[in-house]
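Please prepare a short briefing on the structure shown below, for a reader who is new to it.

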Amino acid sequence: MTDMDKVWQRVKLARSADRPTSKSLIKAIFPDFIELHGDRLYGDDEAIVGGLATFNDIPVTVIAEEKGTHTQNRLKHNFGMPHPEGYRKALRLMKQAEKFKRPIITIIDTPGAYPGLGAEERGQAGAIALNLKELMVLKTPIIVIVLGEGGSGGALAIGVGDHIMMFENAIYSILSPEGFASILFKDSTRANEAAHLMKLTAEDLKSFGIIDEIILEGKGLNTDPEVGYTNLKKQISKQLTKLMKTPVEKLLVNRYDKFKKMGEYEESVIKNEELAD
Amino acid sequence: MNHLLDERKRRLSQFHEIIKKRPIETRPVDIPDGVFSQCEQCNSAIYNKDLEHNYEVCPYCSYHFKINAVKRLKYTLDEDTFKPLFENITSKNPLGMPEYEEKLDKGMRMAKMNEAFLAGTGKIDGQNLAIGVLDSYFMMGSMGSVVGERITRLIEHAAKHNLPLVIFSASGGARMQEGILSLMQMAKTSGALNLLDEKGLVYISVMTNPTTGGVAASFASLGDINIAEKSSLIGFAGARVIKQTIGQDLPAGFQTDAFQLQKGQVDLVVLRSQLKKTLSTLLKLHAKKVTS
């Protein structure tokens, strides 16, 4: 198997119908989960599932993107592609978590934010942007889990946090490999080549410092989720303890610095006249 | 009688043949390059000097031509007040993406800038401000690591020096060639804006043609005041992608400045000729009392 084939294999695993979706992960890790609906402005977007649960007896807010499991169910959840009201629901529940000092756990699994007429009319861009800004200063710990597909701004809108974990066979990228191929090669059928170039695997993201940790899946979440879930529980437990002990001011400084460091560029020596400022 | 009619028909067709075969005479008109421009909207030919005097706006249909960052500063700031910042931050090719270096070189030649975002300080009617301009001539004004870092530092600079901030966006979105690193610039820039909130400093976002994708879905939508310049395309997803997804045609005027105003996403739509005046007034309304 070439490297390109290996990456494409990951993409297929991440999107596969037999991969557990957020709801089944929630059921396994947060068995007492109570779902809370709606953004109190427009409606309830079922591409995002949010609610309350306990983890090791600690109350937490859980917010997840849900793709759905069979045709009818996928339609109900709009294939995990949120509208603005979904992001606004997420933000409403996050603000609620902040009020009650509950840690937040988000689960990312989306091809991307929904590109549609209604989404544009109701301000998709603004809804995503506001979440990015607000999450940066939310005064409570945020743990992010990338479960399957991390598609672009639609994923990032619930992906700003203190500790970011990614399952071994998940992917996280700026755009779908198909979309990338159609821009780069003007040919969306060369998605496998694009996926390889895009560096979208958990290992790639770890090397760039975008994620903090890879959750190993054993045989793979798609066939036997138990190993992955056990590993995830262990890490959530460890991180929750650590983050809840961190004073909020320090937490926010760390969160800002973490994202400030993301990106790679050259920086030449500053000229004297600029230093005079 | 029939005979006469046939004769007439024959002559007519002969006449048409002759007309068809006659070569069309064209004489080249000697107009040097760069004297006239054609309006993208109404196709009128416009004398370039007239265009320049009119803020690069078509005098016939008021279509706003795209302008580069340098011209934007010229129209916006008091003369000779711009002081650039962070020009020493430049791009690498972190993903080893094929042909990225060539695209950067081309961008530098087209925009005559070393990256797509020009940052600095300046004055509008004597009022100090931090200002940033995206240039769509540089790789469609796309945001990669450098653009994200320069924007973030500009925001930090404004917060540190108690300056109001104005950013002009003109961008297709996040820069594909830097993959996930570009995506993260959305979080970084948006998050940094909280620094201005803490200090009670105003941030005015001016969305120009086009402001889409990851730029629209981050700092560009987050102004205390969001201004759309006239004739701008503003939105998250591209019209082509939406059409493919929903399988139907989009309404006329979709994602225009007027659409965004009607849908409540921008505070006001402003003509380019009125922008400096509008910004000046808004800055005055947010002026901080000087504490010595």
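The points below are grouped by topic.

This is a predicted model. Chain B meets chain A through 46 residues of chain B and 45 residues of chain A. Chain B is itself divided into domain 1 (33-65) and domain 2 (67-285).

- On the side of chain B that touches chain A, at least two residues come from each of strand 4 (89-91), helix 5 (145-160), helix 6 (179-192), helix 8 (213-216) and helix 9 (239-246).
- Helix 6 of chain B makes the greatest contribution to this side, supplying twelve residues.
- By residue class, the side of chain B that touches chain A consists of 23 nonpolar, 19 polar and four charged residues.

**Strand pairing across the chains**
- Strand 4 of chain B pairs with strand 9 (residues 265-267) of chain A in the antiparallel sense, over three bridges.
- Within this pairing, B:Ser91 is the bridge partner of A:Tyr265.

**Domains of chain B**
- The C-alpha centres of domain 1 and domain 2 of chain B are 24 Å apart.
- Seven residues from domain 1 of chain B and eight residues from domain 2 of chain B form the contact.
- The side of domain 1 of chain B that touches domain 2 of chain B has four nonpolar residues, two polar and one charged.

**Annotated region of chain B**
- UniProt lists residues 39-61 of chain B as "zinc finger region: C4-type".
- Over residues 39-61 of chain B, the chain is 26% helix and 13% strand, and the end C-alpha atoms lie 9 Å apart.

Conventions. Residues are numbered from 1 along each chain as its sequence is written. Chains are lettered from A and ligands numbered from 1 in the order in which they are written. This is a predicted model: local features need pLDDT of at least 70, side-chain atom pairs count only at pLDDT 80 or more; totals for chains, interfaces and linings use all residues. UniProt positions are given in the numbering used here, feature names are shortened, and annotations may be inferred rather than shown by experiment. Helices (H or I, at least four residues) and strands (E, at least two) are DSSP runs, numbered from the N terminus. Two residues are in contact if their C-beta atoms, placed from the backbone, lie within 7 Å. Ala, Val, Leu, Ile, Met, Phe, Trp, Tyr, Cys and Pro count as nonpolar, Asp, Glu, Lys and Arg as charged, and the others, Gly among them, as polar. Two strands pair if DSSP finds at least two bridges between them. Domain bounds come from an automatic or database domain assignment.
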